[in-house]
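Subject: Structure handover

Hello,

Here is the structure I promised to pass on. Please open it and keep it on screen while you read.

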Amino acid sequence: PILARRYGYDYADNVLKGLAKAMAKQIPEQNLMGRVGESAFALLLPEGSIAQCRDLAERLHATLDPLEFSYDLSGEVFTAGVCTGYATYPKDMDSLGDMRPGEKAGKPSSDQARQLLARARKAALVGKEHGRAFAFGQILEQGGSVVEVKPPHRVLLSLGQDLGVREGQRFLVWGQEQQGSQAASKAEVSILEVLSDRSLAEVLQWGADQTPLSKGDAVTLLQ
């Protein structure tokens with residue numbers, strides 16, 4: 001992590017401990033929290049509803065993201081910055097066909113847990129780009145982006161099989177300052193080919209301004 005490279009691992013660990021303490025104050029006693037990576041924490045809400053997961057994720061993001069830390073040797077004050085995402089069981093498994101009839105009981109719980117954690121991580125990474133807590137189920141509809149522009153009229157999107165993308169689905173492409181109304185979108189695109197974590201799309205219709213597409217443009221599912 002950047003903190004460890006800049007201030008040393010001991011100091012970075014102290015920052016993580018501070019974040020963990022602040023996090024623990026927001027979590028109901030019946031839920032579980034653990035460190036699952038160099039700078040990542042996971043929370044398990046065994047009886048939590050989708051609404052409770054959303055509320056907790058939003059509350060944690062609002063609480064942790066602005067927390068300030070100081071480095072005494074230089075007097076620097078900074079915020080650690082957090083990204084927050086969540087996935088729910090079995091909704092975020094069923095939606096992608098992971099839980100086939102007759103397979104639920106037989107699939108090892110450890111495999112299901114790893115899969116669910118991976119989806120929560122993906123939601124957190126998308127949430128980092130958007131500056132808020134993000135749900136795995138939101139990514140397909142609201143969390144896509146243009147990864148690469150391929151002339152003359154094709155783009156590579158950050159959405160793939162791991163999110164349930166299908167050939168023929170249509171999306172709107174927005175400039176980062178545009179998102180809000182269909183009339184302001186840059187273009188409408190259709191999925192031509194779906195890869196594991198990417199998809200190739202072709203422009204069907206340009207927006208009124210004929211603005212070129214750019215890497216980083218936001219992508220939303222056209223309902």
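Predicted model: local features only at pLDDT ≥ 70, side-chain atom pairs only at ≥ 80, totals over all residues.

**The barrel**

Start with the strands. Six of them form a closed barrel, in the order β7-β8-β11-β10-β9-β12. The pairing is antiparallel. From one strand to the next, the twist averages 45°.

Now walk along part of that order. Strand β8 covers residues 154–157, and strand β11 covers residues 199–206. These two run antiparallel and are joined by four bridges. To find the place on screen, look for Leu 156, which sits opposite Leu 200 of β11.

Next comes strand β10, residues 187–194. Seven bridges pair β10 with β11, again in the antiparallel sense. One landmark here is Val 189, whose bridge partner in β11 is Val 203. β10 and β11 also make a hairpin, and four residues lie between the two strands.

Then turn to β9, residues 170–174. How many of its five residues are buried? The count is four, so β9 is mostly covered, with buried meaning under 20% relative accessible area. With β10 it runs antiparallel, joined by four bridges.

**The aromatic rings**

Leave the barrel and look at the rings. There are six aromatic pairs in total. Take Tyr 7 and Phe 78, which are stacked. Tyr 7 belongs to helix α1 (residues 2–7), while Phe 78 belongs to strand β4 (residues 76–79). The two residues are 71 apart, so this pair links distant parts of the chain. Both Tyr 7 and Phe 78 are buried.

Tyr 11 and Tyr 71 pair up edge-to-face. Here the centres are 5.0 Å apart, with 80° between the planes. Tyr 11 is in helix α2 (residues 9–24) and Tyr 71 is in strand β3 (residues 68–71), so the pair ties together parts 60 residues apart in sequence.

Are Tyr 11 and Tyr 71 buried or exposed? Tyr 11 has a relative accessible area of 15%, so it is buried. Tyr 71 is at 18%, so it counts as buried too. The cut-off is under 20%.

Tyr 7, Tyr 11, Phe 69, Tyr 71 and Phe 78 make up one aromatic cluster.

**One histidine**

Last, find His 61 in helix α3, residues 50–64. Its relative accessibility is 11%, so His 61 is buried. What does His 61 contact, leaving aside its neighbours within four places in sequence? The list is Pro 66, Val 82, Thr 84, Gly 131, Arg 132 and Ala 133.

That is the handover. Happy viewing.

Best wishes

Note on methods. Residues numbered from 1 in each chain as written. Heavy atoms only, no water. Pairing = 2+ DSSP bridges. Buried < 20%, exposed > 50% of the residue type's maximum accessible area, 1.4 Å probe, protein only. Contact = heavy atoms within 4.5 Å. Phe/Tyr/Trp six-rings, centres within 6.5 Å; stacked < 30°, edge-to-face > 60°. Axes fitted to C-alpha atoms, helices over the stretch in contact; angles between N-to-C directions.
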